[in-house]
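Let's read a protein model together, feature by feature. Have the coordinates open while we talk.

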Amino acid sequence: MNQAKPIKASNFIEKFINEDLEQGIYQTICTRFPPEPNGFLHIGHVKAVMIDFGTARKYNGICNLRFDDTNPNAEDDEFVESIKNDIHWLGFDWGDRLYFCSDYFASLYEIAVRMIKNGVAYVDHLSKEEIRDYRGTFTVPGRDSPYRNRSVEENLMWFEKMKKGCLAEGECVLRAKIDMQSPNLNMRDPVMYRISYTPHHRTGSEWCIYPMYDFSHPLSDALEGVSHSLCSKEYEDHRPLYNWFVEQSGLEHKPRQIEFARIHVSNALTSKRKIKKLTELGLVEDWTDPRLVTVAGLRRRGYTPEALLNFIEAAGVAKADSVVDIEMLEHFIREDLKEKSPCVMAVLRPLKVTITNYPEGEIEYLEADNNPKNPVMGRRKVPFSRTVYIDRADFKMDPPKKYKRLAPGLEVRLKHAYFIKCNEVIRDAQGEITELLCTYDQQTKSGSGFKGRKPNGTIHWVDTGTSQHIEVRVFNNLFKPGQEDSSNLETAVSPDSRVILPNARIECNFLDINVNDRYQFIRDGFYVIEKDSEQPDKTIFNRIVSLKSTWKKK
RNA sequence: UGGGGCUUAGCCAAGUUGGUUAAGGCACCGGACUUUGACUCCGGCACUCAUAGGUUCAAAUCCUAUAGCCCCAGCCA
């Protein structure tokens, strides 16, 4: 396909791609998303997915999903399934281009043999410790291994033995012969193959030698015809090596590696290692815990793919180290859900209110918009009677100035219903407020157009007779402020990171309740429905994110 | 310490073939509106681009030096 007019670049990667296209280095764009199946995807991977799949999509090219499964000690099928599922959920598809590096083991082996024959690879019998020692340091150049100049025949023989399983783990490795004096440590004869008898999740015991990343990755890219290998910054040092292996392999196709900075989110962990640690310590349920920024956790929490994608796009692609404020993530889920999710009334901490001048036994049905911003979501009937619940947070004995809720002697509007005025407060023996006695004003009915006076605010409520009991889980930041980088995760995790409110009540007359449906609790925030796996009949509302502000002082 | 990167507001981030008042978003602060203290709307928010010099009529953009931060010494990826 001829790219006569370059697509407008929205970041530096696309600028490079445009240049390559203009110079005719590549005709079509092919990228790849190369996760190692050793954990669940998290928000950081969403960025990579978006860059890899998104760039391909933008250039009308293709993106391969390739699992970098070259280390049998870490990988598992459980993770390849979750990764595939998460990518689909995010809205991307690899079509029939699902690859595994392990599918290339035979080709890679042949290339290694060819490199031995060309004199650029050798079998080294130095121990792990000796190799480290011979590698030198940042300032001290490395020394050649005594095995570095073995004959091709000898190397071939030993490599054959490695492959056939005649040798023990750690006995020797295959190394690239480059330059032990290089200022770039990656070029000091990197290991290409090591021996491991751990069964591989896909190839079982077929192989006992496994290629290292630096060798397998560039060649997998070349084998697949990848034009642009987009990866994170820590691989910048590896680029010369990447190019060297492509060159030495004799493969025709020459992919180009371009690096970008990973995304970090404040007050969240975007490290697979640390997330894994949290699960192991039992500080979170598992990889799908809603407090985590794993894709599965965010999904359970109620985040939508759109919100995640918009967030990543807004955060941008650059090369500077950065930490994006988690408020930005929250902004995008609010924005996405604002017009999508129905507004319903719920009280998290119920407080009984009796409307003393409302006829006993009478029930009337009030009209309520399901979403005032989005009329196509329709309306619903809300039952109203003499006794209702409001939220304890909406009543104060001694209201501060500018308080816009209920207090003794003050009048507020019950959303969708009437003005009520608080006349009396009832307490129990412990002095705890148990009930409010109020009167309502019939002429202030919602929709009546009453303009006679202004209420002191609008609060939400549910009917005592018809509201439904629910369990609400409120998720706060997993970490105490500023502690997210703590090496001691046990003390960094906030005990308030998950609060369970067992007595909450919600209107029960709205639509059908389905798992994964999202609702706005008026004033309180956005919630998603989850079923308790142990008590499938129990309805749990997980808070996705709260509304912007509550009562601000001053 | 050798090598590789990075540095524009509280947080991200455009802008880098040098040329009028340095995009946009998040956060924040005013004000309007309001049957959600939400939403929406209007306004504010970098005389300055890590620092110091230099070149130029003109520099965030070019040159020089300095500082700070990140990555690399796995038979992990």
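This is a predicted model: local features need pLDDT of at least 70, side-chain atom pairs count only at pLDDT 80 or more; totals for chains, interfaces and linings use all residues.

Q: Which residues of α6 are buried, and how are they arranged?
A: In α6, the buried residues are N155, W158, F159 and M162. Viewed down the axis, these buried residues fall within an arc of 100 degrees, so they line one face of the helix. E153 and K164 are exposed on the other side.

Q: What does the buried face pack against?
A: Its partners are α4 (105-117), β4 (121-124), β5 (173-176), β6 (191-195) and β7 (209-211). Have a look just past the helix too, where G165 has a positive phi of about 85 degrees.

Q: Which domains does chain A have?
A: The assignment gives domain 1 (13-260), domain 2 (264-337) and domain 3 (342-463). The C-alpha centres of domain 1 and domain 3 are separated by 64 Å.

Q: Where does the largest nonpolar core draw its residues from?
A: This core has 51 residues, and I43, I87 and F311 have the most contacts inside it. Helix α2 (residues 43-58) gives the most, with 8 residues. Domain 1 and domain 2 each supply at least three residues. Among the residues that I43 touches are V265, L308 and F311. Another core, of 34 residues, lies apart and includes A112, V113, I116 and M162.

Notes
Residues are numbered from 1 along each chain as its sequence is written. Chains are lettered from A and ligands numbered from 1 in the order in which they are written. Side-chain values use heavy atoms; hydrogens and water are left out. Buried means under 20% relative accessible area, exposed over 50%, partly exposed in between (1.4 Å probe, protein chains only). Helices (H or I, at least four residues) and strands (E, at least two) are DSSP runs, numbered from the N terminus. The arc is that of the directions from the helix axis to the C-beta atoms. Contact means heavy atoms within 4.5 Å. Domain bounds come from an automatic or database domain assignment. A nonpolar core is a set of buried Ala, Val, Leu, Ile, Met, Phe, Trp, Tyr and Cys residues joined through side-chain atoms within 4.5 Å. Lists of a residue's contacts leave out its neighbours within four places in sequence.
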